[in-house]
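Reader: I have not looked at this one before. Can we go through it piece by piece?
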Amino acid sequence: MKISAIKGVKDILPDEIARVQQLEETAHRMFERFGYSEIRIPIFEYTGLFARGIGATTDIVEKEMYTFEDRDGKKLTLRPEGTASVVRAYIEHQMYRHRPVTKLYYLGPMFRHERPQAGRFRQFYQIGLEALGTSSSALDVEVLALLTWTLQEVNATEIQLELNSLGDAACRPDYRKALQSFLKDRLNKLCEECQRRYETNPLRILDCKKEGCRAITATAPSPLDHLCPDCLAHFQQVKSGLNRLKIPFVINERLVRGLDYYTRTAFEVTTTKLGAQNAIAAGGRYDGLVEELGGPPTPGIGFAMGVERITSLMRPVEPRKPDLFFALLGEEAARQMLPLIMQLQREGLKIEMDYSGGSLKKQMSLSDKLVARYTLIIGDNELKSGKSILRNMSTKEQQELDLPTLSQTLKSLVKP
Ligand code: HAM
């Protein structure tokens, strides 16, 4: 019986991996420059971490987590995101003791049982970062700039940074009330899901994609009109900081995010190129999360980029071509040449060959297919005469190379 991959879970094949690696390398390089250190967080955690961190009434926690009991009866969950784990590690290792601001980044797979569709997977990859320790708007600006510039580095085009402020513990309850009282008389016109959200998580109603709900919330009060003076000042500072850096953004007052830990700044980077799953990165400030998870009151902010969505916007990255193809004709040639081939590979040349010992014609066509720069031909005749033939695959020029000095000659002729 043929077993295929699980629905919504895909292989990343070598053709695509070059873009993934380019994105990862860009993130490593950019994030390190801004003072972030990599952290490797576990793939699974106690379920309670996500239930408390992300919020019990969010879609992720209610419907999307891969939760199971292990053999000891412990309730565990495959991580649906990285922020809760980073904050748990931050508290567990008392990182707040070392530096006033701790900057961490991570990359790896996340798991959500969502309905699979283009750009939406059940195992997907994120590259994210978290900065903990200050509520200064300068950090919001830095994080948003770093996200924008990282996306620019990989040439992700036609993207837009959308920004909102969700207020804090001082002003959010008032906004929640104002929104509920606006929706109260319109409740029966909302979709079933939003009717349920009305009590548990009314802000999420603003985010509903259904036409009927959107029409109703079009005139709903905006969170920005209910910000307390501190949140308003913070938001103004973030906007003017971005303007000073000439980082383009638009305000989206409906942007509420699907995770409950956010306070103040919330953002998404969207693209017009990917249809319904148009968010390629998202994040925000979470000034209450560390305390919620048992740590000292510590503000924080971060984002996560969706790797599959970003790489689908990137131009294809050409994999490295072989420097040299060895066309080995006969067992003796293979036996004598293999140590030399491996030595050259260790020293930096990318070398390919045909292990099946096919005809010269077959081997030359494989060399062509792999787009090797040079092909070296050695068979019994060459072993006898002490000379091999080196062919430049683009100019088709051939030259004879003496076997005793082959290693040296190849190193000087075929530089990586
Ligand atoms: P999120 O918005 O849930 O935020 O996910 C961030 C990004 O991950 C999304 O914008 C999207 O590109 C990608 N993504 C999410 N779900 C899927 C999926 N099913 N398939 C493919 N890509 C997906 C977070 O996860 C927060 N932890 C971000 C954050 C960090 N906030 C503060 N710090």
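Reader: Is Phe-34 buried, partly exposed or exposed?
Author: This is a predicted model. In it, Phe-34 has a relative accessible area of 26%, so it counts as partly exposed.

Reader: How many aromatic pairs does a search of the whole structure find?
Author: The search gives eight aromatic pairs. One of them joins Phe-34 and Trp-149, with 6.3 Å from centre to centre and 40° between the planes, and that pair is tilted.

Reader: Why does the pair of Phe-34 and Trp-149 tie together parts apart in sequence?
Author: Because Phe-34 lies in the loop between H1 and strand E1 (37-38), while Trp-149 is in helix H5 (residues 137-153), the pair links parts that are 115 residues apart in sequence. Trp-149 is partly exposed, with a relative accessible area of 27%.

Reader: What kind of pair do Tyr-261 and Tyr-286 form?
Author: Tyr-261 and Tyr-286 are edge-to-face, at 5.7 Å centre to centre and 70° between the planes. Tyr-261 sits in the loop between strand E8 (250-251) and strand E9 (263-271), and Tyr-286 in the loop between strand E10 (279-285) and helix H10 (289-292), so this pair ties together parts 25 residues apart in sequence.

Reader: And are Tyr-261 and Tyr-286 buried or exposed?
Author: Tyr-261 is buried, at 7% relative accessibility. Tyr-286 is buried too, at 1%.

Reader: Which residues form one aromatic cluster?
Author: Phe-31, Tyr-36, Tyr-105 and Phe-303 make up one cluster. On a related point, the ring of Phe-182 has the charged end of Arg-186 over it, 3.8 Å from the ring centre.

Reader: Changing topic. How many disulfides does the structure hold?
Author: It holds zero. The cysteine sulfur closest to that of Cys-191 belongs to Cys-194, and at 3.6 Å it is too far for a bond.

Reader: What about Cys-231, where is the nearest cysteine sulfur?
Author: For Cys-231 the nearest one is that of Cys-228, 3.6 Å away, and Cys-231 is in no disulfide. Cys-231 is buried, with a relative accessible area of 1%. Cys-191 also counts as buried, at 13% relative accessibility.

Reader: Back to the helices. Where is Thr-26?
Author: Thr-26 is in helix H1 (residues 14-33). Thr-26 is buried, at 3% relative accessibility.

Reader: What does Thr-26 touch?
Author: Leaving out residues up to four places away in sequence, Thr-26 touches Thr-150, Glu-153 and Val-154. A polar atom of the Thr-26 side chain also lies 2.6 Å from the backbone oxygen of Gln-22.

Reader: Why is helix H4 largely enclosed by the rest of the structure?
Author: Helix H4 (residues 83-92) is largely enclosed because nine of its 10 residues are buried. Among the buried residues are Val-86, Val-87, Arg-88 and Tyr-90.

Reader: What covers the buried residues of H4?
Author: The cover includes strand E2 (44-46), helix H2 (47-54), strand E5 (102-111), strand E6 (123-132) and H10. Just after H4, Gln-94 has a positive phi of about 45°.

Reader: Last one. What domains is the chain divided into?
Author: There is domain 1, made of 14-171 + 227-313, and domain 2, which is 324-413. The C-alpha centres of domain 1 and domain 2 are 50 Å apart.

Key: Residues are numbered from 1 along each chain as its sequence is written. This is a predicted model: local features need pLDDT of at least 70, side-chain atom pairs count only at pLDDT 80 or more; totals for chains, interfaces and linings use all residues. Side-chain values use heavy atoms; hydrogens and water are left out. Domain bounds come from an automatic or database domain assignment. Helices (H or I, at least four residues) and strands (E, at least two) are DSSP runs, numbered from the N terminus. Buried means under 20% relative accessible area, exposed over 50%, partly exposed in between (1.4 Å probe, protein chains only). A polar contact is a pair of N or O atoms within 3.5 Å; within protein, one must be able to donate a hydrogen and the other to accept it, and residues adjacent in sequence count only if both atoms are side-chain atoms. Contact means heavy atoms within 4.5 Å. Rings of Phe, Tyr and Trp (its six-membered ring) pair if their centres lie within 6.5 Å; planes under 30 degrees apart count as stacked, over 60 as edge-to-face and the rest as tilted. A charge sits over a ring if NZ of Lys or CZ of Arg is within 6 Å of the ring centre and within 35 degrees of the ring normal. A disulfide is a pair of cysteine sulfur atoms within 2.5 Å.
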